[in-house]
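Open the structure in your viewer and keep the selection tool at hand. The stops below go from a pair of helices to a core and then to charged pairs.

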Amino acid sequence: PIPFGALDGKPVDILFVLVTPSSRSHLSLLSKLSAALHDEDFRTALKRRAQPELIAAALRRVEARFATPGTSCTPA
């Protein structure tokens with residue numbers, strides 16, 4: 001963990017870097033990441049430093065929810 005001086009006082013142990021070709025794609029990806037972080041399975045896989053395949057599988061499940069009409073990206 002790295003002490004970044006966060007408002008909650010907790011050190012940062014997961015960091016995402018987004019490299020995108022435009023502001024629009026950056027905001028789109030940031031939105032999807034934000035929604036994905038509401039998913040308990042995805043967060044747990046990240047926190048436990050699961051194998052990349054397990055993290056990717058959790059993310060694919062979240063993405064499948066995004067693609068299903070009438071479903072929410074955030075928890076109920």
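Select residues 23-36, helix α1, and residues 52-67, helix α3, in this predicted model. Their axes come within 10 Å and cross at roughly 110°. Angles of 65 to 115 degrees count as roughly perpendicular, and α1 and α3 therefore stand roughly perpendicular to each other.

Next, show the side chains where these two helices meet. On α1, pick K32, A35 and A36; on α3, pick L59, V62 and F66. These residues make the contact. Sorted by class, the contact of α1 with α3 has five nonpolar residues, one charged residue and no polar ones.

Keep V62 selected and look at its surroundings. Which residues does V62 touch, leaving aside those up to four places away in sequence? They are A36, D39 and F42.

Now move to the core. Select L33, A36, F42, A45, L46, I55, A58 and V62. Together these eight residues make up the largest nonpolar core. Colour the selection by helix: α1, α2 (40-47) and α3 each supply at least two residues of this core. A36 and V62, which belong to the core, were also part of the contact of α1 with α3.

The last stops are charged pairs. Side chains of opposite charge can pair when their charged atoms come close. How many salt bridges does the structure hold? There are two.

For one of them, select R65 and D39, which form a salt bridge with their closest N and O atoms 3.0 Å apart. R65 is in helix α3 and D39 is in the loop between α1 and α2, so the pair links distant parts of the chain, 26 residues apart. Are these two residues buried or exposed? R65 is partly exposed, with a relative accessible area of 30%, whereas D39 has 13% relative accessibility and counts as buried, because buried means under 20%. D39 is also one of the residues touched by V62.

For the other, select R43 and E40, whose side chains meet in a salt bridge at 2.6 Å, N to O. R43 and E40 are three residues apart in helix α2, which means that about one helical turn separates them. R43 counts as partly exposed at 25% relative accessibility, and E40 counts as partly exposed at 48%.

To finish, show both salt bridges, R65 with D39 and R43 with E40, together with the eight core residues.

Notes:
Residues numbered from 1 in each chain as written. Predicted model: local features only at pLDDT ≥ 70, side-chain atom pairs only at ≥ 80, totals over all residues. Heavy atoms only, no water. Axes fitted to C-alpha atoms, helices over the stretch in contact; angles between N-to-C directions. Helix = DSSP H or I, 4+ residues; strand = E, 2+ residues; numbered from the N terminus. Parallel < 35°, antiparallel > 145°, perpendicular 65-115°, else oblique. Contact = heavy atoms within 4.5 Å. Nonpolar A, V, L, I, M, F, W, Y, C, P; charged D, E, K, R; others polar. Core = buried A, V, L, I, M, F, W, Y, C linked by side-chain atoms within 4.5 Å. Buried < 20%, exposed > 50% of the residue type's maximum accessible area, 1.4 Å probe, protein only. Salt bridge = Lys/Arg side-chain N within 4 Å of Asp/Glu carboxyl O.
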